[in-house]
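Please look over the model below before reading on. My comments are set out as numbered points.

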Amino acid sequence: MTMRQRLIALPFGRRRRKSGVVVEATGAGPRVEEGPQIDIAPNDPIVAYFERAGGAVDIETLDLDSPARRALLDAGMKLVVPLISQGELIGLLNLGPRLSEQAYSSEDRKLLENLAAQAAPAVKVAQLVRQQEAEARRRERVEQELRVAQLIQQQFLPKELPELAGWQVSAYYRPAREVGGDFYDFIELPGGKVGIVIGDVTDKGVPAALVMATTRAILRGAASRLDSPGEVLGRVNELLVPDIPPQMFVTCLYGILDPATGRFVYANAGHNVPYVAHRDGVVELRARGMPLGLMPGMSYEEKEAELGSDDVMLLYSDGIDEAHDPDGEMFGFPRLMGAMRTAHATDAVIDNLLGELARFTGRGWEQEDDITLVAVRRTSGRESTFAQQITDMSEMEGAAGDGTVIDEFSVPSETGNERTVIERLADPIARLGIEPSRLERLKTAVAEAVMNAIEHGNKQRQDVPVDVRATTDGEHIRISITDRGGGSELPDPETPDLEAKLAGAQTPRGWGLFLIKNMADEMSVSTDGKHHTVTLTFALKGAADEHTAV
Amino acid sequence: MQEPKVTMEVRKADGGAVIDIVGEVTAACEDVLTDAFNQATDQGAKAVVFNFAGLEYMNSSGIGLLVTLLVRANRNGQQICAVGLNDHYRQIFELTRLDEAIGIHEHERDALAAAGV
């Protein structure tokens, strides 16, 4: 262009963008500087005008009542060439007066229109790229938040459950992808008593996790000083009210169990009503009280229940009763109570409930809220005492639900028990129709992972169990092997190389992890500092056997 | 320590030796395997054929033991071959590249012939 003129391209959009650019052609080369920024509201009539204009527009002679036109004039613009991509106005090429002060010739206009026609698709692409980058950054932030919330939540769940003679205690926690504010806790109290807590913070994510952590700490403090559950909740409420963000509150049940007598004294701050399954039916443990953090000066009714031999008490969060099936129907309290009716005298109340829930929600269910279950059962004396805690993070890992449990059991950490595990799993998995060669690979991988858990994770301490859990979603089998060696390094991180081994540069051993990685379709490792879990995934069927060609 | 759940019979065959493995090849069978290999070596076998037709289970520790034997065999100038491997363990041999150091054959006579004895 021979004329010395100002050329400004302003991408157009809903939001203000700092993108006006002035290109000034001089003998010394173009000088680029930021130009004035002009906002065009989406409902400005000039948008429709530009979209239909089909070429350069004289802004001075344009007869249109438009805020953008006035802004363009104020900025000293004379000629505007709309940038149109697929019928949509995406930006403007704005020109001030020619430096020669002559009017723009028709040749100038033609040149500018050609330039605009070529620039429009490029500007559109640039806009899309920028949008995508912004979207990716947003998603990254969300993921980061999810991870933080998850970390906080995990940090404040009990590291282990109390072992009470004559009682079986089990707890299950499965966060939803967007972590809610569920929590549970067991507090050791004088005289062998134990405080039992279950709660749920409204809201999700990091704010809920922080309030959960605070509530838990305050409650522990109050429980160590006060004997009455009602007073404890009252105290927690007083301390929480001034600090809790508005619109947030905490539902919470707190009770004190005397394992020697089976007496359970409790108070409830608006949390789901616990159930107790007796021989002759299920009862609700009702007690009045407002959720924590809503208003000061609340008092909490205190009640008492007696747990006899074989009685089971269930505490739970609304993640289970408010779960929906594919038709939008809610799991609801009647189903929960129904499941409890059969819970009397079983030591697998949580397994039964989860099975019931899985049948209800069906395959591929995306868990809506955290699910927390705490079951306390008084044994009739013949059975063993146990404390079982499951924290299932599968939903967090983006898995499409947990599927059906094939089997779940523990073996002592004794070499040779890896065979026990694969022999126990082989038949039920074979019945799912897995290809025989895949079953062989599964057996090898699982045996190796169990061996690692026994030898490296649990250091062959026979009293320390290796937990095995096998699930299926109908297409895959997922097997989790958990040891108590959380945080310990995985064995043989070095990739085995036969030549190096034959030359004595590597130990002859160290094939375990290599076999697992090659036999399983997927392997993931997680730890909570105490436990260490290896999860192996196998497709039931595969198109090509990619492992045979090496 | 675990009891070995395996027997390994050593047979003489055409200048080599065949070791018939019945049971499990795991860390527990280290002594049995070493004894069998020593016996074959003492007989002057230049080729040692492991017959895995009776193999019920082999794990990474078992593979480690085979690698140890391979090192010894290389030092002695002996060949190690394998027969009777099923598809799964044959795949593992391929994956670990043991098949490049241990010749895999269908029949004993092929194995002994390939070993050049």
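Predicted model: local features only at pLDDT ≥ 70, side-chain atom pairs only at ≥ 80, totals over all residues.

1. Make-up of chain B. Chain B holds five helices and five strands. From the N terminus on, the order is β-β-α-β-α-β-α-α-β-α. Of its 117 residues, 48% count as buried. Consider also the contacts in chain B between residues at least 6 apart in sequence: 70% of them join residues at least 24 apart.

2. The contact between the chains. On the chain B side, 22 residues are in contact with 21 residues of chain A. Three helices of chain B each supply at least two residues to that side: helix 2 (60-76), helix 3 (87-95) and helix 4 (98-101). Helix 2 of chain B gives the most, with nine residues. By class, the side of chain B that touches chain A has nine nonpolar, 10 polar and three charged residues.

3. An open sheet in chain A. Five strands of chain A form an open sheet in the order 18-19-20-22-21, and the pairing is antiparallel. Strand 18 (404-412) and strand 21 (522-527) of chain A are the edge strands, each pairing on one side only. Neighbouring strands of this sheet are turned by 15° against each other on average, direction ignored.

4. Details of that sheet. Strand 21 of chain A is joined to strand 22 (residues 532-539) of chain A by six bridges, and the two run antiparallel. Met523(A) stands opposite Leu536(A), which belongs to strand 22 of chain A. Helix 9 (residues 417-430) of chain A lies across strand 18, strand 19 (465-472) and strand 20 (476-483) of chain A. This helix runs at about 165° to strand 18 of chain A.

5. Strand 15 of chain A. Why is strand 15 (residues 312-316) of chain A largely enclosed by the rest of the structure? Five of its five residues are buried, so the strand counts as largely enclosed. Both faces are covered. Val312(A), Leu314(A) and Tyr316(A) are buried on one side, and Met313(A) and Leu315(A) are buried on the other.

6. Partners of strand 15. Strand 12 (residues 275-278) of chain A pairs with strand 15 of chain A in the antiparallel sense, over three bridges. Here the bridge partner of Val276(A) is Met313(A). Strand 16 (residues 371-378) of chain A is joined to strand 15 of chain A by five bridges, also antiparallel. Leu314(A) stands opposite Ala375(A) in strand 16 of chain A.

Methods
Residues numbered from 1 in each chain as written. Chains lettered and ligands numbered in written order. Contact = placed C-beta atoms within 7 Å. Helix = DSSP H or I, 4+ residues; strand = E, 2+ residues; numbered from the N terminus. Nonpolar A, V, L, I, M, F, W, Y, C, P; charged D, E, K, R; others polar. Buried ≥ 20, exposed ≤ 12 C-beta atoms within 10 Å, placed from the backbone. Pairing = 2+ DSSP bridges. Axes fitted to C-alpha atoms, helices over the stretch in contact; angles between N-to-C directions.
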